[in-house]
Amino acid sequence: MEARILNKYRLALVSGDQCVLRYDNERGKGDHKHIGDQEYALTFSSMPQLLIDFDRDIQCWRQTHEHADD
């Protein structure tokens, strides 16, 4: 029998009162991210890598939406 550790997570970037970027792993959907109204699959390798990827997407969103100095 193989033991498996399940990591439950939800990371979000909120601008104003709106969630504009979210990483999560809902039951039945697995690992994925939301950018605006779009949803994309993610490949989870480790929590540190997930945080690096989330930070990269935050920086991209800020550059695109002129929030680079926040």
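Reader: How many bridges join β2 to strand β3?

Author: First, the general idea. Strands of a sheet pair through backbone hydrogen bonds, either parallel or antiparallel. In this predicted model, six bridges join β2 to β3, which covers residues 30-35. The two strands run antiparallel. Take one residue pair as a guide. Asn-25 has Asp-31 in β3 as its bridge partner.

Reader: In which sense do β1 and β2 pair?

Author: They pair in the antiparallel sense, over six bridges. Look at Leu-11. Tyr-23 in β2 stands opposite Leu-11. Now follow the turn. The hairpin of β1 and β2 has two residues between the strands. Gly-16 takes a positive phi there, near 70°.

Reader: What is the order of the strands in the open sheet?

Author: The order is β1-β2-β3-β4, and the pairing is antiparallel. There are four strands in this open sheet. On average, neighbouring strands are turned by 15° against each other, direction ignored.

Reader: Which strands stand at the edges of the sheet?

Author: β1 and β4 do. Each has a single partner strand, so one side of each is left without a neighbour in the sheet.

Reader: What pattern does the protein chain follow along the sequence?

Author: Read along the sequence, the pattern is β-β-β-β-α. That gives four strands and one helix.

Reader: Where does α1 lie?

Author: Helix α1 lies across β1, β2 and β3. Its direction is at about 160° to β2. Asp-55 is found in α1. Asp-55 and Leu-13 are 42 residues apart along the chain. Their C-alpha atoms are separated by 9.8 Å.

Reader: Which residues make up the largest nonpolar core?

Author: Start with the general idea. In soluble globular proteins, nonpolar side chains tend to be buried together. Here the largest nonpolar core has eleven residues. Among them are Leu-11, Leu-13, Val-20, Leu-21, Leu-50, Ile-58 and Trp-61. β1 (10-15), β2 (18-26) and α1 (47-64) each supply at least two residues of this core. The largest share, four residues, comes from α1.

Reader: What percentage of the residues in the protein chain is buried?

Author: Buried residues make up 26% of the 70 residues. The accessible surface of the protein chain comes to about 5,600 Å². Carbon and sulfur atoms hold 48% of that surface.

Reader: How many aromatic pairs are there?

Author: A pair of aromatic rings is described by the distance of the centres and the angle of the planes. The count here comes to two aromatic pairs. Tyr-9 and Phe-44 form a stacked pair, 5.9 Å centre to centre, with 20° between the planes. Tyr-9 lies in the segment before β1 and Phe-44 in the loop between β4 and α1, so the pair ties together parts that are 35 residues apart in sequence.

Reader: Are these two residues buried or partly exposed?

Author: Tyr-9 is buried, with a relative accessible area of 8%. Phe-44 is partly exposed, with a relative accessible area of 26%. The cut-off for buried is under 20%.

Reader: Why is the pair of Tyr-23 and Phe-54 edge-to-face?

Author: Check the planes. They stand at 75°, with the ring centres 5.0 Å apart, so the pair is edge-to-face. Tyr-23 lies in strand β2 and Phe-54 in helix α1, so this pair ties together parts that are 31 residues apart in sequence. Tyr-23 is buried, at 0% relative accessible area. Phe-54 also counts as buried, at 9% relative accessibility.

Reader: Which residues does Tyr-40 touch?

Author: Tyr-40 touches His-32, Lys-33 and Ile-35, leaving aside residues up to four places away in sequence. Tyr-40 lies in strand β4, residues 38-41. Tyr-40 is partly exposed, with a relative accessible area of 40%. Compare Tyr-40 with Tyr-23. They are 17 residues apart in sequence and 9.5 Å apart in space, C-alpha to C-alpha.

Reader: What share of the contacts with a separation of 6 or more comes from residues 24 or more positions apart?

Author: In the protein chain, that share is 31%.

Terms used. Residues are numbered from 1 along each chain as its sequence is written. This is a predicted model: local features need pLDDT of at least 70, side-chain atom pairs count only at pLDDT 80 or more; totals for chains, interfaces and linings use all residues. Side-chain values use heavy atoms; hydrogens and water are left out. Buried means under 20% relative accessible area, exposed over 50%, partly exposed in between (1.4 Å probe, protein chains only). Contact means heavy atoms within 4.5 Å. A nonpolar core is a set of buried Ala, Val, Leu, Ile, Met, Phe, Trp, Tyr and Cys residues joined through side-chain atoms within 4.5 Å. Two strands pair if DSSP finds at least two bridges between them. Rings of Phe, Tyr and Trp (its six-membered ring) pair if their centres lie within 6.5 Å; planes under 30 degrees apart count as stacked, over 60 as edge-to-face and the rest as tilted. Accessible areas come from the Shrake-Rupley method with a 1.4 Å probe; for residues, only the protein chains shown count as cover. Axes are lines fitted to C-alpha atoms, for helices over the stretch in contact, and angles run from 0 to 180 degrees between N-to-C directions.
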